[in-house]
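I opened this model to look up a few local features, and I am keeping my notes in the order in which I checked them.

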Amino acid sequence: MTERPGVRSPARRLLRRLPILVWLLALWVVLWASLSAVVVLGGLLVGVAVLAAFPMPEVASRVRARPARMLELFVRMPRDLVVSAVRVGWAAVRQGPRVPAAVVEVRLAADSDLLITATAVLTTISPGNLVLEIDRERRQLYVHVLPMEGARAVVEERRTVHQHERAVVRALGPASEVRAVVRAERELARRERREETG
């Protein structure tokens, strides 16, 4: 029995939404901070329920899931959470309510709604960071950051967000997006070297 053009079977629709399900599962595991069978199974059930209750546009045509890179991303997330929590906690102990903060503008290389959103989520779940706005047209994030001490901290924050973007794009992005991120990284490195020497 042939499938009519434009009509997809439930199995094919589920496969096309698999990257979103994997992303929801990753967030679930990070929020629970556990890889136990109960947490993973619960995350799968919640993810399937969310996708069934709130059908979203299919994004698989713009997604190229790479298992090894996704594993790197999942390992990176808890590590970043711990590092950020320690940094914010130490600043709170040292400076109390006077912890300096700032809003940092970060231009992204990715040009996909999914990849930009994933980068924003990965940035926001780190303690001390909050994405206040996404300027989709200019591909910019406006990130509220604390602690923020000096111009060097602004450079470091931009570098951190770009690292998040690179991890997301390498895990989920098509080859064209990966190339765009690599080009942007090289240009940023050249600019930083010019600023240091000039």
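**Ground rules.** I am working from a predicted model, in which local features need pLDDT of at least 70 and side-chain atom pairs count only at pLDDT 80 or more, whereas totals for chains, interfaces and linings use all residues. I number residues from 1 along each chain as its sequence is written, and the side-chain values I quote use heavy atoms, with hydrogens and water left out.

**Helix 2.** I began with helix 2, residues 18–32, where helices are DSSP runs of H or I with at least four residues, numbered from the N terminus. Its 15 residues reach 21 Å from first C-alpha to last, close to the expected 21 Å, the expected span being 1.5 Å times one less than the number of residues. I then listed its buried residues (buried means under 20% relative accessible area, exposed over 50%, partly exposed in between, with a 1.4 Å probe and protein chains only) and found Pro-19, Ile-20, Leu-21, Trp-23, Leu-25, Ala-26, Leu-27, Val-29 and Val-30. Just after helix 2, I noted that Ala-33 has a positive phi of about 55°.

**Helix 2 against helix 3.** Next I checked how helix 2 packs on helix 3 (residues 37–53), and I read an angle of about 135° with the axes 9 Å apart; axes here are lines fitted to C-alpha atoms, for helices over the stretch in contact, and angles run from 0 to 180 degrees between N-to-C directions. That makes helix 2 oblique to helix 3, since angles under 35 degrees count as roughly parallel, over 145 as roughly antiparallel, 65 to 115 as roughly perpendicular and the rest as oblique. On the helix 2 side, the residues making the contact (heavy atoms within 4.5 Å) include Leu-24, Trp-28 and Trp-32, and on the helix 3 side they include Gly-42, Gly-43 and Gly-47.

**Phe-74.** I looked up Phe-74, which lies in helix 4 and is partly exposed at a relative accessible area of 29%. Leaving aside its neighbours within four places in sequence, I find Phe-74 in contact with Val-22 and Ala-26. Phe-74 and Ala-26 are 48 residues apart in sequence, yet their C-alpha atoms are 6.8 Å apart in space.

**Salt bridges.** How many salt bridges does the structure hold? I have 11, each being a side-chain nitrogen of Lys or Arg within 4 Å of a carboxyl oxygen of Asp or Glu.

In helix 4 (residues 67–95), Arg-69 and Glu-72 are three residues apart, about one helical turn, and their side chains meet at 3.3 Å, N to O. Arg-69 is partly exposed at 32% relative accessibility, and Glu-72 is partly exposed at 45%.

Also in helix 4, Asp-80 and Arg-76 are four residues apart, again about one turn, with a salt bridge of 3.1 Å, N to O. I find this pair buried, Asp-80 at 13% and Arg-76 at 11%.

In helix 6 (residues 151–172), Glu-156 and Arg-152 lie four residues apart, about one turn of the helix, and their closest N and O atoms are 3.5 Å apart. I noted both as partly exposed, Glu-156 at 35% and Arg-152 at 46%. Lastly, I recorded that salt bridges with shared partners join Arg-76, Arg-79 and Asp-80 into one network.

How values were computed: Helix = DSSP H or I, 4+ residues; strand = E, 2+ residues; numbered from the N terminus.
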